[in-house]
Amino acid sequence: MNLNPANQLSLYGHHYEFSNFIRLYENNKLPNKILISGEKGIGKTTLAYHIINQILSFDEDYAYDSDNFRINPDNKSFKLILNKTNPNFFSIDIEDEKKSIDINQIRKLILKLNTSSFNKKPRLVLIDNIEYLNINSVNALLKTLEEPNNNIYFILINNNKKILPTLKSRCLNYNIHLTSNQSFEITKKILGTNFVDLINNEMINNYSTPGSILSLLNFANENNFDLKEINLKEFIKKLMIEKKYKKDQFIRDLLFSLIEIYFRNNISVKNIRLLTIRNYFIKKIKNTRIFNLDDETLLMEFEDRVLNG
């Protein structure tokens, strides 16, 4: 299952937001610095790619199908983006085995933006997971955001994480969300089957997003985990024992999310001890994610105090 947002031909959900952005663009009112904020896995980046394809493909063969919210796979701009050769599109994301978006990634972007557009089309910059921009990367980006060249649009994706006020203040922020029912319906449409038949109920709650559920299933298939048979506690233990989270950002995020689900499943206002421990670890997880702190010490403490406690 290919979960890369750049490959998603259909836009499930966020149709109103998509139509609103395109209407603004057609009326020459689209802000050139957009911040799309919301929970990770609700389709923010997929939404951005569909907006980008609509803008770039409007005068091309096989243009964007706005009636069905669908990218035509034969479209030239779509193919060029997949091949990373579209001269009017630039993307930045955290690289594998890195803990932050490097300043050199921003410097390369700035050099490319300083060249002129050969076909006078708008140029679009997509920066995903901006919470991973470090202070140096943000500072390098700020001047470009303050004085962007003509006909350049920035779309920044924030997963409801804390970002520097100097960055947020330079963008127009759009908050998007999905209800739990919308998340579950979208997941079923993408899979073509009822996902609750594939996953232990302990691993799903009202905070689960389509992206988190699909990524979990994908990970399980690639690693031969039977998510229907294994319980949440044992699954967390397996992930911790194998220590793949050290080099894989997805597994690290997955592990933290499962720990949060574990606390939600086992929390009780009557159990003051567990409530106190829960608050303690949620705060530590938050700080670890924000400041890229050492996660092994946190996980060892969680195992000792909670799983084995």
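Guide: Happy to! A pocket is an open set of grid points with protein on both sides within 12 Å along at least five of seven lines. The second largest pocket here holds about 190 Å³ of space. Keep in mind that this is a predicted model.

Visitor: Which residues line the second largest pocket?

Guide: The lining includes Glu97, Lys98, Lys99, Tyr245, Arg252 and Asp294. Two helices, α10 (249-266) and α12 (295-307), each supply at least two of the lining residues.

Visitor: How do you know how many residues of that lining are charged?

Guide: Asp, Glu, Lys and Arg count as charged. Sorted that way, the lining divides into 10 charged, 1 polar and 1 nonpolar. Tyr245 is one of the lining residues, and Tyr counts as nonpolar.

Visitor: What makes a space a cavity instead?

Guide: In a cavity a 1.4 Å probe fits but cannot get out. The structure holds 2 cavities of 30 Å³ or more.

Visitor: Why is the lining of the largest cavity called nonpolar?

Guide: Its lining residues are Phe21, Leu30, Ile34, Ile51, Ile55, Leu124, Tyr153 and Ile155. Phe, Leu, Ile and Tyr count as nonpolar, so the division comes out as 8 nonpolar, no polar and no charged. The elements giving two or more residues to this lining are α2 (44-57) and β4 (152-158).

Visitor: What about the lining of the second largest cavity?

Guide: Ala6, Tyr49, Asn53, Ile71, Phe78 and Ile81 line that one. Here α2 and α3 (76-82) give two or more residues each. The division is 5 nonpolar, 1 polar and no charged.

Visitor: How do you describe two packed helices?

Guide: By the angle between their axes and the distance between the axes. For α1 (residues 15-26) and α2, the axes come within 10 Å and cross at roughly 35°. The crossing is right-handed.

Visitor: What makes residues of α1 and α2 count as being in contact?

Guide: Contact means heavy atoms within 4.5 Å. Glu17, Phe18, Phe21, Ile22 and Tyr25 of α1 make the contact with Leu47, His50, Ile51, Gln54 and Ile55 of α2. These residues divide into 7 nonpolar, 2 polar and 1 charged. Glu counts as charged, so Glu17 is the charged one. Phe21, Ile51 and Ile55 are also among the residues lining the largest cavity.

Key
Residues numbered from 1 in each chain as written. Predicted model: local features only at pLDDT ≥ 70, side-chain atom pairs only at ≥ 80, totals over all residues. Heavy atoms only, no water. 1 Å grid on protein atoms, 1.4 Å probe; cavity = no way out; pocket = protein on both sides within 12 Å on 5 of 7 lines; lining within 4 Å. Points joined across faces, edges and corners; volume = space filled by probe spheres on them. Helix = DSSP H or I, 4+ residues; strand = E, 2+ residues; numbered from the N terminus. Axes fitted to C-alpha atoms, helices over the stretch in contact; angles between N-to-C directions. Left-handed = near helix turned anticlockwise from the far one by under 90°.
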